[in-house]
Amino acid sequence: MFVLELTYIAPIERIDAALAEHVAWLDAHYASGVFIASGRKVPRDGGVILAVGEDRAKIEEITRSDPFSVAGVCEYSITEFIPTKTAPAMESYRQELPS
């Protein structure tokens with residue numbers, strides 16, 4: 001699993017100009033099953049996405065295709081982690097530590 005942290009590097013007006021395309025991009029990755037949660041940070045200086053996948057390179061490729069990235073209005077930080085404990089509703093994402 002991955003935590004994708006977006007940090008805005010442009011004025012909010014430029015963020016808002018790319019927002020509709022960004023939301024469509026999010027929707028496509030929810031539909032594919034890669035994204036499982038997302039939202040704005042408070043204060044509104046970026047966002048956070050929880051993503052699932054086995055391949056960090058694929059996740060990096062996905063972030064580069066974000067209209068925010070393409071427009072040069074955000075930077076991504078990607079943290080991979082192993083979800084060994086989850087709420088019952090997220091049990092299907094739980095993983096065992098490697099041996």
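I take buried to mean under 20% relative accessible area, exposed over 50%, and partly exposed in between, with a 1.4 Å probe and protein chains only. The model is a predicted one, so I kept local features only at pLDDT of at least 70 and side-chain atom pairs only at pLDDT 80 or more, while totals for chains, interfaces and linings use all residues. Residues are numbered from 1 along each chain as its sequence is written, and side-chain values use heavy atoms, with hydrogens and water left out.

Entry: aromatic rings. I paired rings of Phe, Tyr and Trp (its six-membered ring) when their centres lie within 6.5 Å, calling planes under 30 degrees apart stacked, over 60 edge-to-face and the rest tilted. Trp-25 and Phe-35 make an edge-to-face pair, at 5.3 Å centre to centre with 65 degrees between the planes. Trp-25 belongs to helix H1 (residues 12-31) and Phe-35 to strand S2 (residues 35-40), so this pair ties together parts 10 residues apart in sequence; helices (H or I, at least four residues) and strands (E, at least two) are DSSP runs, numbered from the N terminus. I noted Trp-25 as buried at 7% relative accessibility, and Phe-35 as buried at 3%. Tyr-30 and Phe-35 also pair edge-to-face, at 6.1 Å centre to centre and 85 degrees between the planes, and Tyr-30 is partly exposed at 31% relative accessibility. Trp-25, Tyr-30 and Phe-35 form one aromatic cluster.

Entry: Lys-41. I located Lys-41 in the loop between S2 and strand S3 (46-51), where Lys-41 is buried with a relative accessible area of 17%.
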